[in-house]
Amino acid sequence: MSSFYLNNLTDYNTAYEASVKNTEQFWDAIAKKNFLWKKRWSRVLEYDFSVPKIKWFEGAELNITENCIDRHLENNADKTAIIFEPNDPSSESEYITYKELQGRVNKFANVLKSKGVNKGDRVCIYLPMIPELAVSVLACARIGAIHSVVFAGFSSTALATRINDCDCKIVITSDGSYRGAKTIDLKGIVDEALESCPNVNSVLVAKRIHSNINMANGRDEWLEPLLNDASESCDATVMNAEDPLFILYTSGSTGKPKGMVHTTAGYMVYTAHTFKNIFQYQEDDVYWCTADIGWITGHSYIVYGPLLNGATTVMFEGVPNYPNYGRFWDIVQKHNINQFYTAPTAIRALAKQGDDFVNPYDLSSLKVLGTVGEPINDEAWHWYSTTIGKNKCPIVDTWWQTETGGILISPIPNCFSGKPTYATLPFVGIQPALMDENGNEILNTKAEGRLCIKFPWPSIARTIWGDHKRYKDTYFSAFANCYFTGDGALRDENGHYRITGRVDDVVIVSGHNLGTAPIEDAINEHRNIAESAIVGFPHDIKGNALYGFVTLKSESSESEIEVIKSEINALISKKIGPIAKLDKIQITKGLPKTRSGKIMRRILRKIAHKDTGNLGDISTLLNPDVVQSIIDNSLNK
Ligand code: WT7
């Protein structure tokens, strides 16, 4: 068996056993065989979850961009690294070879250097899905700067919070972006954000929509002339294994977003290994993940994982329904996509439009189909498998998180197949456990509980930027000596896992991880809102949608309430982004509370789920009477 490629079930079983028994030896062999190191590690793993402290490949020196780009030049300089598919289907696609990518990354790296960016500095990237996004990410990595990509759908307030949290002094953006038939004024959003970011002294602007924008004197510069003048060669900065590679923010169940810090060597080894085995990438395949690079899926499985394997990876600028609901399949046909990776919410939205949008296209190039971001329901799984995969493509339902860096539970098509709604078995090196209410591991195979991981893997986030205590409290405190995922799961008699959803105050809406607390904070700023509680409820397309229970400071007429409701969503759009808008807003006289004054979200969740048969004991509530009135006026009856 090649230690890199798992060819069959025996390979998987043997590798899995070895990966659990001798974890260090296992990753040592993979890391030695497949990557370019400037210096080998002195120790594979050092960890203590109680601190928590996790170090992989300590002592090693490398640069991840040499692994993503330079080392492929010897044999594959002219192979396409990135295919850029623009929003407008009548515009030309762009094919960037590995050689060209090297030149573009180096030029960009030299521009960053000329702006005073040094190793360890944070660089905020707020760009649409255009080549500059991937290039700027890699340019940061080239010189050891830490990239912090902020999804370009986030609002100015959300952007400012993220810029300030990790103290970025430079922002990379564009004059605007295309989104289907619309254009978005990205630069305007940046300008607004920077009003509250005093430390940003440089903004580099890519030209995309050629709009007339404001360029602040001494601060803003167009990228193009700077790139034109920059040299195509740039030595890769030597990085230590545990030097941060990037920060990526994810919502938490409380307060501000968490800047998850991923480091260099472990992240590289793990994303490369999972990409190769789970997507079964073969030389000359064309791989497409429809995510945005602003999310972890894009970091690990559009940029790093594919490029580390010398793959051809597609970047799509547009949306699934422009110019019509056949766009994805048009792209699959046009570029002969072999591996296609998307989210359940997209699958459901497309399935709903009917097969007439699929049938005109030749999808015979497809070999593996992937899904990520939330549990996939049975119906969507079957539609994907039958209508898109023509019953010949394995489906990889990949479970993971921003914090995990790479896929932890997923089918590996060569080794074992998928099963509708199940993420199936742990990847090599991953040791899941289900915990009961009392914090004990459930040892029966068939079980349901809280999903934890008992042992570190190379790409686990090492800390939360600037808040190691929060890292410990969030992930390592609920259960002793385990990483707690925040998800619930069940395990069948064959040990296959099915993720049942979040067990904390995070709701996954259209595959986006949204903390309810920051949304409540945003709307509580409304002059007439006394308090609010937001919970998720099932939604046909989005998976979950948000339901807000809101109490007002003063009695309001029906027409005033309508105004307040639209102001609530406007506030959310402004503070967080349109993705966090509420689908349902119920004005209530009060919220159910414990005697210590804590809002009982569990009860509100049941009401939103139309599951009021068994609310449990509510007699201990401070205000049990309020529950019946909320049920009577529920918008989800
Ligand atoms: C949460 C993490 C990992 C990239 C995208 C989301 C949910 C993710 C699955 C799946 C069921 C899933 C979990 C997880 N989730 N993939 N295949 N089946 N649930 O990253 O924004 O950090 O969200 O997404 O609840 O905890 P994220």
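In the predicted model, isoleucine 189 touches Tyr126, Phe154, Ser155, Ser156 and Ile184, when residues up to four places away in sequence are left out of the count. Isoleucine 189 belongs to helix H8, which spans residues 186–194. The C-alpha atom of isoleucine 189 lies 9.5 Å from that of glycine 176, and the two residues are separated by 13 positions in sequence.

The ligand is surrounded by 17 residues, of which Asp397, Thr398, Thr402, Asp487 and Arg502 are the closest. By class, this shell comprises seven nonpolar, six polar and four charged residues. At threonine 398, a polar backbone atom is 2.8 Å from a nitrogen atom of the ligand. At threonine 402, an N or O atom of the side chain is 2.5 Å from an oxygen atom of the ligand. At aspartate 487, a polar side-chain atom is found 2.7 Å from an oxygen atom of the ligand. The ligand taken alone exposes 560 Å², and 96% of that area is buried by the protein. Helix H11 (296–308), strand E20 (395–398) and strand E25 (497–502) are the elements that contribute two or more residues to the shell around the ligand.

The packing of two helices was examined next. Two packed helices are described by the angle between their axes and by the distance between those axes. For helix H13 (residues 344–352) and helix H14 (residues 378–388), the axes come within 10 Å and cross at roughly 75°. Because angles of 65 to 115 degrees count as roughly perpendicular, H13 is roughly perpendicular to H14. On the H13 side, the contact involves Ile347, Arg348, Leu350 and Ala351, which meet Ala380, Trp383 and Tyr384 of H14. The residues of this contact divide into six nonpolar, one charged and no polar.

Backbone geometry was then considered in the loops. Valine 51 and proline 52 are joined by a cis peptide bond with omega of about -15°. Proline 52 is located in the loop between strand E1 (43–48) and strand E2 (53–58). A cis peptide bond also links tyrosine 322 to proline 323, with omega of about 0°. The loop holding proline 323 runs between strand E17 (312–316) and helix H12 (327–335). Asparagine 336, although not a glycine, has a positive phi of about 50°. Asparagine 336 is placed in the loop that connects H12 with strand E18 (339–342).

Note on methods. Residues numbered from 1 in each chain as written. Predicted model: local features only at pLDDT ≥ 70, side-chain atom pairs only at ≥ 80, totals over all residues. Heavy atoms only, no water. Near = heavy atom within 4 Å. Polar contact = N/O pair within 3.5 Å; in protein donor to acceptor, adjacent residues only side chain to side chain. Areas by Shrake-Rupley, 256 points an atom, 1.4 Å probe, with all protein chains shown as cover. Helix = DSSP H or I, 4+ residues; strand = E, 2+ residues; numbered from the N terminus. Nonpolar A, V, L, I, M, F, W, Y, C, P; charged D, E, K, R; others polar. Axes fitted to C-alpha atoms, helices over the stretch in contact; angles between N-to-C directions. Parallel < 35°, antiparallel > 145°, perpendicular 65-115°, else oblique. Contact = heavy atoms within 4.5 Å.
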